[in-house]
Structures are given as C-alpha cells and as structure tokens.
Amino acid sequence: MHSSYSDGRSVPEDYIAPAVAAGLSEIGFSEHLQLFRDIEEWNMNPSNISVYLDHIHDLAIKTGNIKIKLGLEVDFFTGKEEEIRQYLKPLPLDYVIGSVHYLGERTVDFGPEFYEGKSIDGLFESYFDSVIAAVSSGLFDIIGHCDLIRIYGYRPSGNIEHLYRKLAHEMRVHNVAFEVNTNGRNRPLADFYPDRKFLHIFREEKVAVCVNSDAHMPARVAQYFDEAYELLRYVGFTEMAVFDKRVRTMVPF
C-alpha cells in the first residue's frame, strides 16, 4: 500500500480501519522509492526515509488489532545493483518489492503516448529483460506488477508465453515471489497483473505468490481480493507468502 509518503492519498493511519473491516490479519506499507532519477511526486524523497521508517514502526507498536509490516517498493535499474544493495542493507524492513517502471528515461505508465511510434514487441522484450534482471539481482523479496507494460492494453503481435516462462523460471531459481496485483483493475488495462492466462506458468514453476492491493487510497485496501484468491485456487495455488524481517513464510489460504 502507498500512503502520503509517496503517491498515496492518505496518511498511513487512514488505512487501518478499512483493513480491519476487510478481515485482514496484516497489512504492509511499501512506499515508492527510486534512487537514480530526479525526485518525482510519485516517489518518496530518500531524505525522508528515517521519518517514514519511524512512523510505520510506531504505528505498528500502537496498533493492536492488526499486524503492520514495513516495506519499500524500490525501482530497479540495471547496473545500479550494488548502490541499491548498500542503500537497503541497514534498513529494518520486513520486505522489499522490486519494480520496473522505467524504460530509458521515462516510465511505462507515464501515459499511452509513451508507446506511440515504438515497436510493442520490442518494448515487451525489453521490459521483461529488465524484470528478469531485477529478479536475478538478489535485491528483492517480491517483484511488483511484473507485466506493468500491459497497463494501456497494448499487445505484442505474437505469442509471448516464452517471456512468462523465462520470468517464472528465474523467480524459482532465485527464490523470489510474485504478486497478483489487484490494482490493475483500476488502470486502463482493467485486469490484474500478471496476465491471468499465464498464471499457470508460475504455478508450474512453484513460484511463491502474494496478493497485493497496491492501494493508493484507503477505499482500495483489499479491493478484489476475493476474486484474486478464487483465481489462484482455480490455477492450483494453496498458500501465499508473508514476510517478517525479510524472512518468508508460506501460509495457506
């Protein structure tokens, strides 16, 4: 979930009551952070990291009716692995989500005009290459919206099953979880990430899964979770990943 520390619309406290009402046993805050571009309004200023960490830590202590986990959603940049590693190393996090938003100097969710005049096949190949590099970096516990490149509904000309198979294989090899991101339903794509027709590939590779709302406002906490869990059960998943101090545990659902 994202609060006002990055591009969320409310302070962290406002997300507690909707989470409890939804019957959740724990939640996690995962503010956007990128270290290698000018600070943009959707990213947390790295200089605020201590304030953010202290805020969520204190909130977790004083909130007795639900567990609160502390995380970050960190943008991955090829060639910057060691800088990211050194930045994250001292932070008392429960989990780190690795995400790819940027291809070149712009983000793939900047607007549909990003795709105009470009090879959609080439963009998909480049995007998956970047996500696979993030997986293999060893920096992350979870990969966020692993096919965000789908956000505006553009589709490659051919079958891209091989991209998902390669990605799922690398996730298994490097022991990285993926998420079913329900916020995709609120985007132009109007569906979950990753593409539901390829979910069976992650199951075949025995990749650990999380169900995440990627909520940017309290009203979207746990949104579409029932549908997401039903879909995962249909595919054959029976358990999900939870994290504490960057140690993963699998729990049945």
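Colleague: Which residues is valine 11 in contact with, once its neighbours within four places in sequence are left aside?

Modeller: Contact here means heavy atoms within 4.5 Å. By that test, valine 11 touches Ser3 and Ser4. This is a predicted model, in which local features need pLDDT of at least 70 and side-chain atom pairs count only at pLDDT 80 or more, while totals for chains, interfaces and linings use all residues. Residues are numbered from 1 along each chain as its sequence is written, and side-chain values use heavy atoms, with hydrogens and water left out.

Colleague: Where is valine 11 found, and is it buried, partly exposed or exposed?

Modeller: Buried means under 20% relative accessible area, exposed means over 50%, and partly exposed is in between (1.4 Å probe, protein chains only). Valine 11 has a relative accessible area of 37%, so it counts as partly exposed. You will find valine 11 in the segment before H1. Helices (H or I, at least four residues) and strands (E, at least two) are DSSP runs, numbered from the N terminus.

Colleague: And serine 6, buried or exposed?

Modeller: Serine 6 has a relative accessible area of 9%, so it is buried. Serine 6 also sits in the segment before helix H1 (16–21). Beyond its neighbours within four places in sequence, serine 6 has contacts that include Glu31, His32 and Trp42.

Colleague: What about asparagine 175 and glutamate 116: where is each placed?

Modeller: Asparagine 175 lies in the loop between helix H5 (161–174) and E7, and glutamate 116 in the loop between strand E5 (106–107) and helix H4 (120–136). Asparagine 175 is exposed because its relative accessibility is 52%; glutamate 116, with a relative accessible area of 56%, is exposed.

Colleague: Now the whole chain. How many helices and strands are there?

Modeller: The chain has seven helices and 10 strands. Its radius of gyration (taken over C-alpha atoms) is 17 Å, close to the 18 Å that the globule rule (2.2 Å times the number of residues to the power 0.38) gives for 253 residues, so the chain is as compact as a globular protein of that length. Of those 253 residues, 53% count as buried. Among contacts with a separation of 6 or more, 72% come from residues 24 or more positions apart.

Colleague: How should I read a pocket, and what volume does the largest pocket have?

Modeller: Rolling a probe the size of a water molecule over the atoms shows where empty space is left. On a 1 Å grid over the protein atoms alone, a pocket is an open set of points where a 1.4 Å probe fits, with protein on both sides within 12 Å along at least five of seven lines; lining residues have an atom within 4 Å of a point. Volume is the space filled by probe spheres set on the points, which are joined across faces, edges and corners. The largest pocket has a volume of about 710 Å³. Its lining has 34 residues, and Glu26, Ile27, Val211, Asn212 and Met240 are the closest to its centre. Elements supplying at least two lining residues include strand E1 (26–33), helix H7 (225–235) and strand E9 (239–244).

Colleague: Which residues lie nearest the centre of the second largest pocket?

Modeller: Asp7, His32, Asp109, Arg187 and His216 do, out of 22 lining residues. The volume of this second largest pocket is about 510 Å³.
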